[in-house]
Amino acid sequence: MPFEVPPLPYPYDALEPYIDKQTMELHHDKHHQAYVDNANAGLANTSYANASVEEVLTNLDKIPEEVRMKVRNNAGGHYNHTLFWQMMKPGGGGEPSGALAEAINATFGSFAQFKEQFKAAAVGHFGSGWAWLVHDGSGLKIVTTPNQDNPISQGMTPLLGVDVWEHAYYLKYQNRRPEYVDNWWNTVNWEFVAQRFSAV
Ligand code: MN3
């Protein structure tokens, strides 16, 4: 089964005023669709044509070399955005609770310190890419990935991620990536992040 763009789990304007409707329309309908189309084209005549996106991204070394970079970038883009839409929700933000909150406090000192370190990673990442809260098998960690790489390809489980490609914020925030990240916190779906954490 070729990949498909999943429907956005809320209306395009639901993350206003933090993320604007036009950005969401372009980001979901155009950018995500292009990753899906290109991933499908790259995988079409390989033994991974019917594999899950997770299977593809954890076996990139087995993808034929002539399409490997195309698949890495575009299957990565599909997976990253599929997660990203779910990592946000209208009326999101606030703080995590339960085991996730305890793990964040134990690892980073406090939720405020976690946010500060995560923002520094997101703002400091040069060029296009993502900042992530991951579980690396032993505990929580903040990492960044270039382009559309996903931490799953390095054996880590992505729990929360923010897209810092300019297409994610430029219409509303122009070059002000720090302001975008500050506002993006108000969209985070902590229940979804906690679910992923509990499944590690
Ligand atoms: Mn994007």
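Visitor: How many aromatic pairs does a search of the whole structure find?
Guide: This is a predicted model. The search covers the whole structure, and the number of aromatic pairs it finds is 14.

Visitor: Are the rings of Phe111 and Trp190 stacked or edge-to-face?
Guide: Look at the two ring centres first: they are 5.6 Å apart. Planes over 60 degrees apart count as edge-to-face. The planes of Phe111 and Trp190 stand at 75°, so the pair is edge-to-face.

Visitor: Which helices hold Phe111 and Trp190, and how many residues apart in sequence are the parts they tie together?
Guide: Phe111 belongs to helix α5, residues 111-124. Trp190 belongs to helix α8, residues 190-198. The pair therefore ties together parts of the chain whose separation in sequence is 79 residues.

Visitor: Is Phe111 buried or exposed?
Guide: Buried means under 20% relative accessible area. Phe111 has 10%, so its label is buried.

Visitor: And Trp190: buried or exposed?
Guide: The cut-off for buried is under 20%. Trp190 has a relative accessibility of 4%, so Trp190 is buried.

Visitor: Are the rings of Phe114 and Trp190 stacked or edge-to-face?
Guide: Their centres lie 6.4 Å apart. Rings pair if their centres lie within 6.5 Å, and planes over 60 degrees apart count as edge-to-face. Here the planes are at 70°, so this pair is edge-to-face.

Visitor: How many residues apart are Phe114 and Trp190?
Guide: Phe114 sits in helix α5 and Trp190 in helix α8. This pair links distant parts of the chain, with a separation of 76 residues. Phe114 itself has a relative accessible area of 0%, so Phe114 is buried. The separation asked for is 76 residues.

Visitor: Which residues form one aromatic cluster?
Guide: Phe111, Phe114 and Trp190 have come up already, and they are among the members.

Visitor: The charged end of Lys172 sits over the ring of which residue?
Guide: Start from the charged end of Lys172. The centre of the ring is 5.7 Å away, and the ring belongs to Tyr173.

Visitor: What pattern does the protein follow along the sequence?
Guide: The protein has eight helices and three strands. Read along the sequence, they give α-α-α-α-α-β-β-β-α-α-α.

Visitor: What is the radius of gyration of the protein?
Guide: The C-alpha trace spans about 50 × 40 × 30 Å along its principal axes. For 200 residues, a compact globule would have a radius of gyration near 16 Å. The protein agrees with that, because its own value is 16 Å.

Visitor: What percentage of the residues count as buried?
Guide: Take the surface first: the protein exposes about 9300 Å², and carbon and sulfur atoms supply 49% of it. Now take the residues. Of the 200, the share that counts as buried is 49%.

Visitor: Which residue has its backbone nitrogen 3.0 Å from a polar side-chain atom of His135?
Guide: His135 lies in strand β1, residues 129-135. His135 has 12% relative accessibility, so His135 counts as buried. Leaving out residues up to four places away in sequence, His135 touches Leu140, Met156, Thr157, Leu159, Phe197 and Val200. The backbone nitrogen at 3.0 Å belongs to Gly137.

Visitor: Where is Pro17, whose peptide bond from Glu16 is cis?
Guide: The bond from Glu16 to Pro17 has omega near 0°. Helix α1 covers 21-43, and Pro17 lies in the segment before α1.

Visitor: What is the phi of Asn147?
Guide: Asn147 is found in the loop between β2 (140-146) and β3 (157-163). Its relative accessible area is 39%, so Asn147 is partly exposed. Asn147 is not a glycine, yet its phi is positive, at about 55°.

Visitor: Which loop holds Gln174?
Guide: Gln174 also has a positive phi without being a glycine, at about 50°. Its relative accessibility is 31%, so Gln174 counts as partly exposed. Its loop is the one between α6 (170-173) and α7 (177-184).

Visitor: How many Å apart in space are Leu8 and Val193, C-alpha to C-alpha?
Guide: Leu8 is in the segment before α1. Leu8 touches Met24, His28 and Trp85, not counting residues up to four places away in sequence. Leu8 and Val193 are 185 residues apart in sequence. In space, C-alpha to C-alpha, the distance is 17 Å.

How values were computed
Residues are numbered from 1 along each chain as its sequence is written. This is a predicted model: local features need pLDDT of at least 70, side-chain atom pairs count only at pLDDT 80 or more; totals for chains, interfaces and linings use all residues. Side-chain values use heavy atoms; hydrogens and water are left out. Rings of Phe, Tyr and Trp (its six-membered ring) pair if their centres lie within 6.5 Å; planes under 30 degrees apart count as stacked, over 60 as edge-to-face and the rest as tilted. Helices (H or I, at least four residues) and strands (E, at least two) are DSSP runs, numbered from the N terminus. Buried means under 20% relative accessible area, exposed over 50%, partly exposed in between (1.4 Å probe, protein chains only). A charge sits over a ring if NZ of Lys or CZ of Arg is within 6 Å of the ring centre and within 35 degrees of the ring normal. The radius of gyration is taken over C-alpha atoms; the globule rule is 2.2 Å times the number of residues to the power 0.38. Accessible areas come from the Shrake-Rupley method with a 1.4 Å probe; for residues, only the protein chains shown count as cover. A polar contact is a pair of N or O atoms within 3.5 Å; within protein, one must be able to donate a hydrogen and the other to accept it, and residues adjacent in sequence count only if both atoms are side-chain atoms. Contact means heavy atoms within 4.5 Å.
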